[in-house]
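Visitor: I am new to this structure and would like to be guided through it slowly, one topic at a time.

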Amino acid sequence: MEIKEGYFKQQQTKQQQTLKNSDTARKHQINHPSIFDSSLTPKTCPVIHGYPFVGVLPELLHNPLRLFQRAVKKHPGELVALKLGPIQAHLVTYPDHVQHVLNDNWQNFGKGEIMWKPIRQVMGKSLMTSQGESWFRSRRLMQPMFTAKQANALTELLVKIIASELARFEKVTDGGAIDMENEMALLTQNVILGVLFSSSIDRFRTETLAKALKVLVREVSRRVFLCVLPKQFSIPGERAFRNAIQTTDNTILTIIRARRQSGLNYGDLLERLLQARDEESKTGMNDQQLRDESITLFLAGNETTSTTLTWVWYLLDKHPEVEGKLRAEIDAVIGKRQPTCVDVAKLQYTKMVIQEAMRLYPPGWFLARVAQEDDVIDGYALKAGTTVLLCPYITHRLLKLWDRPEVFDPERFAPEHFTQRHSYSYFPFGGGPRYCIGKHLALLTTQLTVAMMVQKYRLRCVPGHPVEALPGITLRPRYGLRMTVEPV
Ligand code: HEM
């Protein structure tokens, strides 16, 4: 309990300090009477009604970003209710409001049930899917494995895996085009399986698992977005979904059991999960918990990291001046040798490029919460049970917060600009106590991959190939990303 309170206090103090130190942040706060003062008469939330009966549900399924953009343009600075068939969801995009949901009153905003059902079928009871006490126990158990220091300790393993993945590119430097989105998906899949299971996963198991996980991602995405449909509507692909869950279970449980028996130390994430002990009960995880957490880490970390990298390549191709500066930094810091974790700390501009890519194309482009009890945000009353939608993609492009928001400009993330912003004007890794536990690992993996690829190759988009963001479970390029690879 002591840690619990300390942890949340720490989170809040950090947020408060950032806000206090920042004049610009104050300027950007919305000048409404009070977010918290429930004694004021509640304001009525503007509603986007859409069509009779279905409301804006068709547009939400077809083009949610356009719908959200339209909503914030029409009602700047406000919470906006969207009518989705029989229910209403509230779109929350302004930093003070986002902070209220993710941090200040986060305990009142659970993850809800309907949308999470298909995710829970795959991830089971894990850090991502649990709530309340059981979430807190998982987080307390796993947090120490994901600190910046612990992530850095994986650098050598990561470099080894990335280097072997890059060998594949040698075969495609003949001017032919490849789909960089697929390549990055393959690379991060092998990187994450590698840091999770290192050498205890052979080529055959990697391929079996990769195939099953691909089906799981496809089927979960479909089910998450169709969760608003009535229950009697059956979603196709049920058999493939169940088979993929079975294959994943068998493969991962076999790895876990073999590992327990081997008694060897592999220095990977599974090792850390096996060794973790709850500091109160002193117990570790059983096989089922290990299975749930491993799948969760894989699914949470894979597509998010690979789409980040894909957008980085796209943006670098479109901005040669940024690419030039990035190359100069990588040349100066690591030249042609393999990077170490000391180098990574010096790859400041590389990190800024990645952060700016995640501003324009946040892989976790939306987060959903459900109010547990009645609440008031900025004078708007929310009833218990209300679904709240947060959309980093929209917040990251609000004119009130960002100068020329559509422009790719990594300088926004120069250290001197950091304190001038509201901490919830940028939240690609979520926020509050449930922020992304894999943040350090993700940044390290992307920095290393960018540096190691730039050392060897120059990537160019195939002229005329259309590029458009497709909001699914992550924000991917709709038509993939055709690129050519030239040796440097
Ligand atoms: C660029 C890469 C990544 C992005 C953009 C990202 C984004 C996010 C976001 C937005 C959340 C919050 C979700 C919510 O509040 O509803 C989250 C949570 C989470 N992420 Fe990541 N993530 C990334 C990489 C990773 C990696 C590499 C791992 C692990 C290997 C990971 C594991 C998790 C887990 C377990 C949670 C749930 C934490 C909790 O609820 O306590 N993520 N991530």
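What follows is a conversation about a predicted model.

Visitor: Which helix gives the most residues to the shell around the ligand?
Guide: The model is predicted, and its ligand has 22 residues around it, among which G301, G364, G430, C436 and G438 come nearest. By class, this shell holds twelve nonpolar, eight polar and two charged residues. Two helices, α14 and α20 (439–456), each supply at least two residues of the shell, and the helix that gives the most, with seven residues, is α14.

Visitor: What does L82 touch, leaving aside residues up to four places away in sequence?
Guide: L82 is one of the core residues that touch the most other members. With residues up to four places away in sequence left out, the contacts of L82 are I48, V56, L60, A71, Q88, A89 and L91.

Visitor: Is helix α17 largely enclosed or largely open, and against which helices do its buried residues pack?
Guide: Helix α17 runs over residues 348–360 and reaches 19 Å from its first C-alpha to its last, close to the 18 Å expected at 1.5 Å a residue. Ten of its 13 residues are buried, so α17 is largely enclosed by the rest of the structure; among the buried ones are Y349, M352, I354 and R359. The helices against which these buried residues of α17 pack are α14, α15 (320–334) and α20.

Visitor: Which strands are the edges of the open sheet of six strands?
Guide: The order of the sheet is β1-β2-β3-β9-β6-β4, with mixed pairing. Within this order, β6 (residues 367–371) and β9 (residues 387–390) pair in the antiparallel sense over four bridges, and R369 stands opposite V388 in β9. An edge strand pairs on one side only, and the strands that do so are β1 (47–48) and β4 (109–110).

Visitor: Is F53 buried or exposed?
Guide: F53 lies in the loop between β1 and α3 (57–62), and its phi is near 65°, a positive value in a residue other than glycine. Since F53 has 9 other C-beta atoms within 10 Å, F53 is exposed.

Key. Residues are numbered from 1 along each chain as its sequence is written. This is a predicted model: local features need pLDDT of at least 70, side-chain atom pairs count only at pLDDT 80 or more; totals for chains, interfaces and linings use all residues. A nonpolar core is a set of buried Ala, Val, Leu, Ile, Met, Phe, Trp, Tyr and Cys residues joined through C-beta atoms within 7 Å. A residue is buried if 20 or more other C-beta atoms lie within 10 Å of its own, exposed if 12 or fewer, and partly exposed in between; C-beta atoms are placed from the backbone. Two residues are in contact if their C-beta atoms, placed from the backbone, lie within 7 Å. A residue is near a molecule or strand if its C-beta atom, placed from the backbone, lies within 6 Å of it. Ala, Val, Leu, Ile, Met, Phe, Trp, Tyr, Cys and Pro count as nonpolar, Asp, Glu, Lys and Arg as charged, and the others, Gly among them, as polar. The expected span of a helix is 1.5 Å times one less than its number of residues. Two strands pair if DSSP finds at least two bridges between them.
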